[in-house]
Amino acid sequence: ETFVAVFPDYDQNRGIVRNIPITYGGTDAYDPRRVDTGLQIVSVTDENGDPVYWETYVAGPGIYGMYIDDDTFKHGRTTYVIEYTQHDVTRHFADSDVDEFYWDVNGTDWGQPFGSVSATVHLGDGLADALTGDVACYRGELGSNTTCPISVDGDSISLDEQEVGSYQNVTFAIGFEPGTFT
């Protein structure tokens with residue numbers, strides 16, 4: 001993930017806070033059907049690849065919280081690149097009888113608006129053949145069903161939304177044939 005923050009010229013911010021889900025599935029954070037996604041933070045860097053300080057905190061059930069950057073005030077355009085891996089991020093949905101990757105790109109915890117939110121899912125070998133053709137992009141507050149454009153090009157599925165408001169999110173919904181993931 002790459003976040004480009006534009007901090008004010010006065011002393012207000014010391015970095016960003018990022019919350020990443022560490023469980024997936026079920027109906028809520030306490031549902032026993034939820035699985036651990038095995039989140040592993042690989043690195044946190046700036047736009048030049050230089051390491052950026054970060055530490056963790058308990059953000060809530062099923063959520064990994066990160067304070068990113070040191071304790072000095074930040075000003076102007078500042079880039080943070082968070083590289084991480086996860087597994088078990090798809091599930092079977094009984095109502096549609098498909099396996100689905102349904103994922104919030106930026107999440108709804110941000111009090112600040114986003115000038116743009118863009119993301120690309122790169123499918124592994126053979127997964128493009130398992131697509132059902134049902135792909136969707138949603139944007140807005142938690143629970144929104146407002147759609148947005150999404151593009152499929154071979155093994156890449158992309159979205160690019162502009163002017164995403166405070167506490168709003170952009171979501172991927174990508175359908176795969178049942179049994180694609182076990």
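Which residues does Ile 174 touch, not counting residues up to four places away in sequence? The legends below answer this and describe further views of the predicted model.

**View 1. Surroundings of Ile 174 in the nonpolar core.** Leaving out residues up to four places away in sequence, Ile 174 touches Asp 99, Glu 100, Phe 101, Val 121, Leu 131, Asp 134, Val 135 and Ile 157. Ile 174 also belongs to the largest nonpolar core, which has 36 residues. The residues with the most contacts inside this core are Ile 16, Ile 68, Phe 101, Phe 172 and Ile 174. In soluble globular proteins, nonpolar side chains tend to be buried together.

**View 2. Glu 100, a buried acidic residue without a salt bridge.** Glu 100 is located in strand β10, which covers residues 98-104. The residue is buried and yet has no salt bridge. Its nearest side chain of opposite charge is that of Arg 91, at 6.6 Å. Apart from neighbours within four places in sequence, Glu 100 is in contact with Tyr 24, Val 89, Thr 90, Arg 91, Phe 93, Ala 173 and Ile 174.

**View 3. Salt bridge between Glu 1 and Arg 18.** The whole structure contains five salt bridges, and one of them joins the side chains of Glu 1 and Arg 18, with an N to O distance of 2.6 Å. Glu 1 lies in the segment before β1 (2-7) and Arg 18 in strand β2 (residues 16-21), so the pair ties together parts that are 17 residues apart in sequence. The two partners can be described by their accessibility: Glu 1 is partly exposed, at 29% relative accessibility, whereas Arg 18 is buried, with a relative accessible area of 5%.

**View 4. Salt-bridge network of Asp 69, Asp 70 and Lys 74.** These three residues, Asp 69, Asp 70 and Lys 74, are linked in a network of salt bridges. The side chain of Lys 74 meets that of Asp 70 at 2.6 Å, N to O, and that of Asp 69 at 3.6 Å, N to O. Asp 69 and Lys 74 are both buried, the relative accessibility of Lys 74 being 9%. Asp 70, by contrast, is partly exposed, with a relative accessible area of 35%.

**View 5. The disulfide between Cys 137 and Cys 148.** The count of disulfides in the model comes to one, and this link joins Cys 137 to Cys 148 with an S to S distance of 1.9 Å. The link is left-handed, with -80° about the S-S bond. Both cysteines, Cys 137 and Cys 148, are buried.

**View 6. The protein chain as the setting for the close-ups.** The chain has zero helices and 16 strands. Its radius of gyration is 17 Å, close to the 16 Å that the globule rule gives for 182 residues, so the chain is as compact as a globular protein of that length. Along the principal axes, the C-alpha atoms fill a box of roughly 50 × 35 × 30 Å. Buried residues make up 39% of the 182 residues. Among contacts with a separation of 6 or more, 69% are between residues 24 or more positions apart.

Key. Residues numbered from 1 in each chain as written. Predicted model: local features only at pLDDT ≥ 70, side-chain atom pairs only at ≥ 80, totals over all residues. Heavy atoms only, no water. Helix = DSSP H or I, 4+ residues; strand = E, 2+ residues; numbered from the N terminus. Buried < 20%, exposed > 50% of the residue type's maximum accessible area, 1.4 Å probe, protein only. Lys, Arg positive; Asp, Glu negative; His and termini not counted. Salt bridge = Lys/Arg side-chain N within 4 Å of Asp/Glu carboxyl O. Contact = heavy atoms within 4.5 Å. Disulfide = S-S within 2.5 Å. Core = buried A, V, L, I, M, F, W, Y, C linked by side-chain atoms within 4.5 Å. Rg over C-alpha atoms; globule rule 2.2 N^0.38 Å.
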